Amino acid sequence: MPAIVSVQNLRKAYAGGFEALKSVNLDIEDGEILALLGPNGAGKTTLISTICGITVPTSGRITVGGHDTQTDFRAARKLIGLVPQEINLEPFETVFSTVSFSRGLFGKPRDDAKVEEILKQLSLHDKKDNKIMMLSGGMKRRVLIAKALAHEPQVLFLDEPTAGVDVELRKDMWDVVAGLKASGVTIILTTHYIEEAEAIADRIGVISKGEILLVQDKADLMAQMGRKQIQIELAQAVDDIPDALKSYALERADDGLSLIYSYDTTGERTGITTLLNDLQKTGLQMKDLQTRQSSLEDIFVDLVKETA
Amino acid sequence: MNFNAVWTIYIFEMRRFFRTMTQSIVSPVLSTSLYFVVFGTAIGSRIQEVEGTSYGAFIVPGLIMLTVMTQATSNASFGIYFPKFIGTIYELLSAPVSFLEIVAGYVGAAATKAMFIGVIILITSFFFVDITIAHPLAMVAFLTLTCISFALLGFIIGIWAGNFEQLQLIPLLVITPLVFLGGSFYSISMLPPIWQSITLFNPVVYLISGFRWSFFGTADVSIGLSLFAIALFTGACLAFIWWIFKTGWRIRQ
């Protein structure tokens, strides 16, 4: 698939010398949902702000739909919609007028029917004449999305769309994102909720300390790095791992009441059968057995730890 | 040129003005009436005539200028400061608009509001004094240029201001004294010679003088000089705004 957003050697250093982005390279494919995961202060918002034109890059090049964001900023920005992290809205305006304002600002002629259609898509239509200050937090976030969609962009940036949003609304937001993808919009969202990336993204990018650590297909990433663990609970605690089991690289847990065996799910042989046979030979009594699949969260924590 | 964006900003700002229509009109009408009562009637009864014009009529151009300059400045500064304050400026910065388009929208709206109030004061003054306008076209031109140039200044203040106190600071500490000392309520020729020279450093003198000439055909300084001063002031503001957007001063990191 062609890249609709291409970031090349992007660097952003602030006046104080802090380097928020260190030579970032990133291609975003047309029509995908890319989740950018990273801890607080990793550079997620700076990356988005720089692509959208709010922050000026120190060096590097960004193109959107083939248009350079510096030299051909009008064409590039027309393709982009941005939903910021903070709820920044004019409190005294109505929902309809603020969304209509966004459309005009991006150069589109006034089209009330189109604005109404967007409001319906986001279940905001019955609130269209309400003042922003009368809305709940979740509704305000929807208004921000409606504003970003008002000029019918091809690429939508969602900066932490579900930060501070309750579980129900978060799921609701995921449905909205899925609907947008279905309508052909490319979506880039930043989040530090791993489950969010796991639930909705096609590809996952991990960013930490201003560097992109990896960008990979979500399923591949899970398969490649996904490990499974067996936790063997013992009837009696062991002080040390018996010699017969030393070759399995077991970990002692719960003060010797559990043994943990990690294995690769994609490997030809998992080694589980021989482990259990050898365990029986040692005479240790097994109380219970649990398996656990490593989540994206574990992968993420491992990755960020490695670079720390 | 993104005309849709300019028009959108303009209309959005004008709507804010019409939402607070009563305040927008009542307060200038009331303060102007007070000026007429205090200056025109109480003091004017002792001064009688200035340069062949009754004192009540003489202060009309100055009164209009006083209000128009403050209104243009405060409207424009608030117009751009408010999005900065509540954070909606992100949208302006990420939109496909150039600095000229943003300025045209905000400054255009602020200048229109100031002009609107200027006209209301002029109408109000007809109830208090007899005035005829000698050069109506020049009057409109001076009024328009003053509204635009002071709205540009207000735009700069709005970008510069880091809080609401700073937003009030320049209009209060600089513009009001300059306007009061710029011959709003008197002719420069009424001052002692030394003060006449000092006053010439006040840019507002040229604007009020030119505006008053369009009413009565008499001026403190030549009309050419007045036009030059206002053009210089507008050019300086525009250059400064161009620099702001070029460097992202106080708006873009």
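Which residue of E4(A) is the bridge partner of Gln8(A)? Hello everyone, and let's start right there. The partner is Arg61(A). I'll come back to the strands around that pair in a moment. Before that, a word on what we are looking at.

This is a predicted model. For the complex, the predictor gives an ipTM of 0.88 and a pTM of 0.85. Chain A has a mean pLDDT of 89, with 97% of its residues at 70 or more. Chain B has a mean pLDDT of 89 too, and there 100% of the residues reach 70 or more.

Now, how is chain A divided up? The domain assignment gives domain 1, covering 3–223, and domain 2, covering 227–307. Let me take you through them in that order.

Back to our opening pair. Gln8(A) and Arg61(A) are bridge partners, and the strands to look at are E1, residues 3–13, and E4, residues 59–64, of chain A, which run antiparallel and are joined by five bridges. They belong to an open sheet of four strands in chain A, in the order E2-E1-E4-E5, with antiparallel pairing. Why do E2(A) and E5(A) each have one side left without a neighbour in the sheet? Strand E2 (19–29) and strand E5 (67–68) of chain A stand at the edges, and each has a single partner strand, so one side of each has no neighbour there. There is a helix on this sheet as well: H1 of chain A, residues 44–52, packs on it and touches E1, E2 and E4 of chain A. The direction of H1(A) makes about 115° with that of E1(A).

Next, let's follow the chain along to a pair of helices. The axes of H3(A) and helix H4 of chain A, residues 112–121, come within 10 Å and cross at roughly 115°. The crossing of H3(A) past H4(A) is right-handed. If you want to find the contact on screen, look on H3(A) for Val95(A), Phe96(A), Val99(A), Ser100(A) and Arg103(A). Facing them from H4(A) are Val115(A), Ile118(A) and Leu119(A). What classes do these residues fall into? Six are nonpolar, one is polar and one is charged.

In E14(A) it stands opposite Arg292(A), and in E13(A) Gln229(A) stands opposite Ser262(A). Strand E11 of chain A, residues 227–234, pairs with E14(A) over seven bridges in the antiparallel sense. Seven bridges also join E11(A) to strand E13 of chain A, residues 258–264, and these two run antiparallel.

At the E12 end, three bridges join E12(A) to E13(A), again antiparallel. One of the residues there is Glu251(A), whose bridge partner in E13(A) is Ile260(A). E12(A) and E13(A) form a hairpin with four residues between them, and in the turn Asp254(A) has a positive phi of about 50°.

So how do the two domains meet? Their C-alpha centres lie 42 Å apart. In the contact, 13 residues of domain 1 of chain A meet nine residues of domain 2 of chain A. On the domain 1 side, helix H7 (194–200), strand E9 (203–208), strand E10 (211–217) and helix H8 (218–225) of chain A each supply at least two residues. That side has ten nonpolar, one polar and two charged residues.

Last stop: chain B. Here 19 residues of chain B are in contact with 25 residues of chain A. The elements of chain B that give two or more residues to this side are helix H1 (3–19) and helix H4 (89–94). Which of them gives the most? That is H1(B), with five residues. By class, the chain B side has nine nonpolar, eight polar and two charged residues.

How values were computed:
Residues are numbered from 1 along each chain as its sequence is written. Chains are lettered from A and ligands numbered from 1 in the order in which they are written. This is a predicted model: local features need pLDDT of at least 70, side-chain atom pairs count only at pLDDT 80 or more; totals for chains, interfaces and linings use all residues. pLDDT is the predictor's confidence in each residue, from 0 to 100. Axes are lines fitted to C-alpha atoms, for helices over the stretch in contact, and angles run from 0 to 180 degrees between N-to-C directions. A crossing is left-handed if the near helix is turned anticlockwise from the far one by less than a right angle, and right-handed if clockwise. Two residues are in contact if their C-beta atoms, placed from the backbone, lie within 7 Å. Ala, Val, Leu, Ile, Met, Phe, Trp, Tyr, Cys and Pro count as nonpolar, Asp, Glu, Lys and Arg as charged, and the others, Gly among them, as polar. Two strands pair if DSSP finds at least two bridges between them. Domain bounds come from an automatic or database domain assignment.
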